[in-house]
Amino acid sequence: MKRLAILGSTGSIGQSTLSIVESYPDRFSVATLAAGRNIDSAFEQTLRWHPRLVSLATEELASELASRLRAAGITDTEVLWGSGGSVACATHPDVNFVVSAIVGVAGLEATHAAILAGKPIGLANKECMVAAGEILTRTARAGNVPLLPIDSEHNAIHQCMRVGVAAEVKQIWLTASGGPFRRLPLADFDCITPEQALKHPTWVMGRRITIDSATMLNKGLEVIEACRLFDLPPSQVRVTVHPQSTVHSLVEYVDGSILAQISVTDMRLPILYALAYPERPASNLTFNLAALSQLDFEQPDFARFPCLRLAYEAAQKGGEHPIALNAADEVAVEAFLDRRIPFNGIPRTIEEVLERTPTSHPETIAGVLAADSQARERAREAVQQAATRV
Ligand SMILES: NC(=O)c1ccc[n+]([C@@H]2O[C@H](COP(=O)([O-])OP(=O)(O)OC[C@H]3O[C@@H](n4cnc5c(N)ncnc54)[C@H](OP(=O)(O)O)[C@@H]3O)[C@@H](O)[C@H]2O)c1
């Protein structure tokens, strides 16, 4: 029985994870839940799953949840808050598998603490891999802690790599849907609204990752995540635009063979794979091969999607650059969703922040978080200046 800590339980990945637990009660159970601000959903989840611990983002929310649970007769779930609460959920002695699905670097301390505590990780939170991947993978290797990717592309690569050895890999190909603006004339990019950008053609996901898919920064973060997870240089991690989102990624071996993973566009499948690894339980997530009429693959357009270029440059430089890339993007996406900057303001903000980023290499989680805050501050300044110009 895998007893799970679900970090980010109220989010899109968190809810899909709970639906897998629901479908496989003999394999998985819920030990702890960590969420942010969605108190209603955290309350419902606690009533349903009776975790040992539940954590919310702030003390105020936690105390409101505790009184609601008391009123509902639930007295055996401890309610915590903040990053300390997420860390406690991730490292609780009853937990023997952690799903890391908090969005952004808010999930970093808990993911790191879980690895230090020797808990196998199902990793959805790509931002923590981008910001601190070198530290996380080093710690995981030292403690022999499995890091199982949930991100569908990395999950596909993990599956395709099971048939070969690392030295036989020539390069890997991450597929990208290309987002909703793959064919939009470049002149119209400044008029893109948050509503248009939030309509992803193939996946239903959280708000930040959906906007990141529209700018293709998401693919850039995935390139960096792949470098760290599979120990490859950026030159061996390629991107191909595949609008059908049917092939989730590919591994090209030195003999010329290319292996691809194909499945339904449903995150429950990579989640199930990570939770059950190395087994493959039967599921009803079947793919209808007969309905497959076409598979297209195109070169990504770096002029249309400057975020992808910026991500490759940051991957090449390493150190503080990937940290700043992620932090600046988070600030810029929020500003775009609040209509303070246009769509093209997202790459402009990131580029300005990267130009002002020092070439240091933080060696600790505290150092990463300090670099992250500095980059956020620079991004807020850049957003402020851009808003004044508008
Ligand atoms: N969705 C996908 O299909 C998908 C695919 C691949 C990778 N990912 C990655 O998985 C991660 C989660 O994505 P998502 O789409 O599930 O995002 P989401 O729907 O926005 O959910 C984010 C989760 O993080 C929680 N959270 C936010 N701030 C927090 C804090 N300070 N402390 C504790 N919890 C906090 C949220 O809680 P509240 O809602 O309670 O505020 C929510 O549970 C991201 O890193 C994303 O890149 C997602």
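User: Which residue forms a salt bridge with arginine 356?

Analyst: A salt bridge is a side-chain nitrogen of Lys or Arg within 4 Å of a carboxyl oxygen of Asp or Glu. Here, glutamate 381 pairs with arginine 356, with the closest N and O atoms 3.1 Å apart. Glutamate 381 sits in helix 15 (residues 365–389), and arginine 356 in the loop between helix 14 (345–355) and helix 15. Helices are DSSP runs (H or I, at least four residues), numbered from the N terminus.

User: What should I know about the model itself?

Analyst: This model is predicted: local features need pLDDT of at least 70, side-chain atom pairs count only at pLDDT 80 or more, and totals for chains, interfaces and linings use all residues. Residues are numbered from 1 along each chain as its sequence is written, and side-chain values use heavy atoms, leaving out hydrogens and water.

User: Is glutamate 153 buried or exposed?

Analyst: Buried means under 20% relative accessible area, exposed over 50%, partly exposed in between (1.4 Å probe, protein chains only). Glutamate 153, at 8%, is buried. Glutamate 381 is partly exposed at 33%.

User: Which residue does glutamate 153 form a salt bridge with?

Analyst: Lysine 219, with the closest N and O atoms 2.8 Å apart. Glutamate 153 lies in helix 7 (residues 152–160) and lysine 219 in helix 10 (residues 217–230), so the pair ties together parts 66 residues apart in sequence. Lysine 219 is buried too, at 7%.

User: Where does glutamate 222 lie?

Analyst: In helix 10, as does lysine 219, three residues apart, about one turn of the helix. Their side chains form a salt bridge at 2.6 Å, N to O. Glutamate 222 is buried at 1%.

Note on methods
Helices (H or I, at least four residues) and strands (E, at least two) are DSSP runs, numbered from the N terminus.
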